[in-house]
Amino acid sequence: MKLSELYTKTSKTVPADEPSRNAQLLIKAGFIHKEMAGVYSYHPLGKRVLDNIEQIVREEMNAIGGLEIRMSVLQPKEIWEKTNRWDDAVVDNWFKTRLKSGHELGVGLTHEEPITASLIPFISSYKDLPAFPYQIQTKFRNELRARSGLMRGREFLMKDLYSFCRDQAQHDSFYEKAAEAYMKVYQRLGIGDFTYRTYADGGYFTQKFSDEFQTLSEIGEDIIYLDEHKKIAVNKEIYRPDILQKLGLKKEDLVEKRAVEVGNIFPLESKYPDELGLNYLDEQGNKQSVVMGSYGIGISRLMGLIAEHFADSKGLVWPKSVAPALVYLIRIDDEDEIVKQADELYRQLKNEGFDVLYDDRNIRAGEKFADADLMGIPYRIVISKNTVAQGVVELKERTSDEVKSVQFTDISNQLAR
Ligand code: ATP
Ligand code: MG
């Protein structure tokens, strides 16, 4: 992409009405726009980051047999009444709306009920199981506080997968596979080394735990107790002597840490399938309960976390796997010969499959350098009268101060994707 063709602009000032650092940085860099508290729009560079995260999640869900779907956002209240989750006293963050007739509707905040109900026409026999549908979709939650930017939105992007299995053993085996796939996602996003599977409350109807995936970060809202040796953690909400004993963890081995919940997986047993009437016939023709699980990943929360966690005093610092481009190409001087060489280098890198932001604007060099840093692009290449005279370009990584002179012919070898 040529920056002369990009309509967004960076700004030096922090918007006064935005308390969160991730949103401040992303707004300054022109990646997002704040519509209201907890609600953001994604402009081209922000959309690219979100898409990159989404695609990593999609690939790992496909790899464990997930089948991508798209559920409706508008929800009939009747199915939520069947599981007692319509009442605001039970679920306190619904957005609800009404038809012209006055009939109430829900705006999707999660999809256990509708996905279960919508499988009823398809699943009748043990042969139809297991099923692993998932979607990547905007969710709506009327969160009390929305001061953490993308990390707690009232409208946010989530991946939600649901597993439907014929028995507990089939469920358990998928559940573990999903947990492994989650860790692969976090590894690929550059946060795997400080993201931990964390025991958490399983919900009111089961004795089981749920598993959260918690990324250590000072900006987190959650407190966890981590056994660094075993690489297991417990959420503060269930940090009690009886639970620690049950998990074989010792209080003295645990350290208290702040963390961000980047994913959450739940064994749901047969509650929703039973209440909504999804069941199957086994080999003997006996009616059986379906065993369900749900698996969420906060895609936009991940973007906010990654933005804020890695940022430095100059701006964003994206891991390569999610950066909106790999290379920020700066052209200094606008003599015809320099323009020609820079255009040629841009074309060459694009042809070799590198994502390049080409700063071909007629602005001061200092502004280009500042934007390259603010936008957090992993590599910066500078081409100028000086470098061209020596037959080289200057290459610098966003995370290092070292500037290397690189021969034209060697540039692509120096760019690790
Ligand atoms: P939290 O405990 O942070 O409120 P949750 O337990 O309600 O989240 P789930 O319903 O399990 O979250 O949703 C799956 C994932 O979606 C969470 O692990 C989190 O990463 C993300 N998520 C949840 N709520 C929000 C939100 N308001 N904004 C952005 N991401 C969210
Ligand atoms: Mg939670």
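A residue counts as near a molecule when one of its heavy atoms lies within 4 Å of it. I start there because the ligand site comes up at once, and that cut-off decides who belongs to it. This is a predicted model.

With that cut-off, 16 residues surround ligand 1. The closest are R141, E143, R152, G153 and E261. Polar side-chain atoms come close to ligand oxygens at several points, and I will give the distances. For E261, a polar side-chain atom lies 2.5 Å from an oxygen atom of ligand 1. For R141, the corresponding distance from a polar side-chain atom to a ligand oxygen is 2.8 Å. N264 also takes part: an N or O atom in its side chain is 3.2 Å from an oxygen atom of ligand 1.

Now the chain as a whole. The protein chain has 417 residues, of which 53% count as buried. Its secondary structure comes to 12 helices and 21 strands. The C-alpha trace spans about 80 × 60 × 45 Å along its principal axes. Taking contacts in the chain with a separation of 6 or more, 69% are between residues 24 or more positions apart.

Q214 lies in strand β10, residues 209-216. Its relative accessible area is 0%, so Q214 is buried. Leaving aside neighbours within four places in sequence, Q214 is in contact with F194, T195, Y196, T198, D222, I224, N235, A259, V260 and E261. For a sense of distance across the chain, Q214 and D410 are 196 residues apart in sequence and 41 Å apart in space, C-alpha to C-alpha.

E54 is found in helix α2, residues 44-63. Is E54 buried or exposed? It is buried, because its relative accessible area is 15% and the cut-off for buried is under 20%. Not counting residues up to four places away in sequence, E54 touches I136, L157 and I299.

I136 sits in strand β7 and is buried as well, with a relative accessible area of 7%. Beyond its neighbours within four places in sequence, I136 is in contact with E54, R58, E68, R70, L157, M158, K159 and I299. I136 and R152 are 16 residues apart in sequence, and their C-alpha atoms are 17 Å apart in space.

On to the helices. How do α1 and α8 lie relative to each other? They are roughly perpendicular. The axes of α1, residues 21-28, and α8, residues 299-310, come within 8 Å and cross at roughly 85°. On the α1 side the contact involves R21, N22, L25 and L26, which meet M303, G304, A307 and E308 in α8. By type, the residues of this contact divide into 4 nonpolar, 2 polar and 2 charged.

Helix α4, residues 112-119, is largely enclosed by the rest of the structure, because 6 of its 8 residues are buried. Those buried residues are E112, E113, P114, I115, T116 and L119.

Last, some backbone geometry. As background, most residues other than glycine have a negative phi, and most peptide bonds are trans.

L129 and P130 are joined by a cis peptide bond, with omega at about 5°. P130 is in the loop between α4 and β7, the latter being residues 133-140.

N84 is not a glycine but has a positive phi of about 60°. N84 lies in the loop between α3 (77-82) and β5 (95-98). With 45% relative accessibility, N84 counts as partly exposed.

E269, also not a glycine, has a positive phi of about 50°. E269 is found in strand β13, residues 254-269. At 26% relative accessibility, E269 counts as partly exposed.

That is the list; I can take questions.

Technical notes
Residues numbered from 1 in each chain as written. Chains lettered and ligands numbered in written order. Predicted model: local features only at pLDDT ≥ 70, side-chain atom pairs only at ≥ 80, totals over all residues. Heavy atoms only, no water. Buried < 20%, exposed > 50% of the residue type's maximum accessible area, 1.4 Å probe, protein only. Helix = DSSP H or I, 4+ residues; strand = E, 2+ residues; numbered from the N terminus. Axes fitted to C-alpha atoms, helices over the stretch in contact; angles between N-to-C directions. Parallel < 35°, antiparallel > 145°, perpendicular 65-115°, else oblique. Contact = heavy atoms within 4.5 Å. Nonpolar A, V, L, I, M, F, W, Y, C, P; charged D, E, K, R; others polar. Polar contact = N/O pair within 3.5 Å; in protein donor to acceptor, adjacent residues only side chain to side chain.
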